[in-house]
Amino acid sequence: MNTLTNILIVGAGSCLGGMLRYLVSRALQGVCHTPFPWGTFAVNVAGCFIIGLIFGFIDKGCQMSDSLKLFLTVGFCGGFTTFSTFMNENYLLFSGSNHIALLLYALGSMVAGFLAIYGAYYLARM
């Protein structure tokens, strides 16, 4: 595949992932009226689960084209999850003196994200 094709594949996946992230985040923040950023937390953990499934299936021997893998991992998961928003929300919790929420969000995201990847990888290999 050439570079332009790869860029278009990643762009298409990122577009879909970003749109879904927006919808999920807005929906969760609309029902969870707390300073804790549930929307970003949920999409980041879900993204970890999805990428864990993908690589678990690949490790199990499931065939996947390079284009599809690029679309799903770098494109979709990259657009669906967001580190910059995560860090900004951590900063906002810190600057708003919500230190307990900051601690729970930062550590909870790391632990839940790791467990989601680990669990999905394990499930995919069963």
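Helices here are DSSP runs of H or I with at least four residues, numbered from the N terminus. The model is predicted.

Start with Thr-40. This residue sits in helix 2. Buried means under 20% relative accessible area. Thr-40 has a relative accessible area of 6%, so it is buried. What does Thr-40 touch, leaving aside residues up to four places away in sequence? Its contacts are Ser-25, Thr-82, Thr-85, Phe-86, Glu-89 and Tyr-105.

Two of those names, Phe-86 and Tyr-105, lead on to the largest nonpolar core. That core has 10 residues in all: Phe-36, Phe-41, Val-45, Phe-86, Leu-93, Ala-101, Leu-102, Tyr-105, Ala-112 and Ala-116. Helix 2, helix 4 and helix 5 each give the core at least two residues. Helix 5 has the largest share, with 5 residues. Take Phe-41 as one member. Not counting residues up to four places away in sequence, Phe-41 touches Phe-36, Tyr-105, Gly-108, Ser-109 and Ala-112. Another core, of 5 residues, lies apart from the largest one. Among its residues are Val-43, Phe-76, Cys-77 and Phe-80.

Now turn to the largest pocket. Its volume is about 210 Å³. Which helices each supply at least two residues of its lining? They are helix 2 (38-60), helix 4 (83-95) and helix 5 (99-125). Helix 5 provides the largest share of the lining, 5 residues. The lining includes Asn-44, Cys-48, Thr-81, Phe-83, Met-110 and Ile-117. By type, the lining residues are 7 nonpolar and 5 polar, with no charged residue. Val-45 and Phe-86 belong to this lining, and both are also in the largest nonpolar core.

Definitions and conventions
Residues are numbered from 1 along each chain as its sequence is written. This is a predicted model: local features need pLDDT of at least 70, side-chain atom pairs count only at pLDDT 80 or more; totals for chains, interfaces and linings use all residues. Side-chain values use heavy atoms; hydrogens and water are left out. On a 1 Å grid over the protein atoms alone, a cavity is a set of points where a 1.4 Å probe fits but cannot get out, and a pocket is an open set with protein on both sides within 12 Å along at least five of seven lines; lining residues have an atom within 4 Å of a point. Grid points are joined across faces, edges and corners, and a volume is the space filled by probe spheres set on the points. Ala, Val, Leu, Ile, Met, Phe, Trp, Tyr, Cys and Pro count as nonpolar, Asp, Glu, Lys and Arg as charged, and the others, Gly among them, as polar. Buried means under 20% relative accessible area, exposed over 50%, partly exposed in between (1.4 Å probe, protein chains only). Contact means heavy atoms within 4.5 Å. A nonpolar core is a set of buried Ala, Val, Leu, Ile, Met, Phe, Trp, Tyr and Cys residues joined through side-chain atoms within 4.5 Å.
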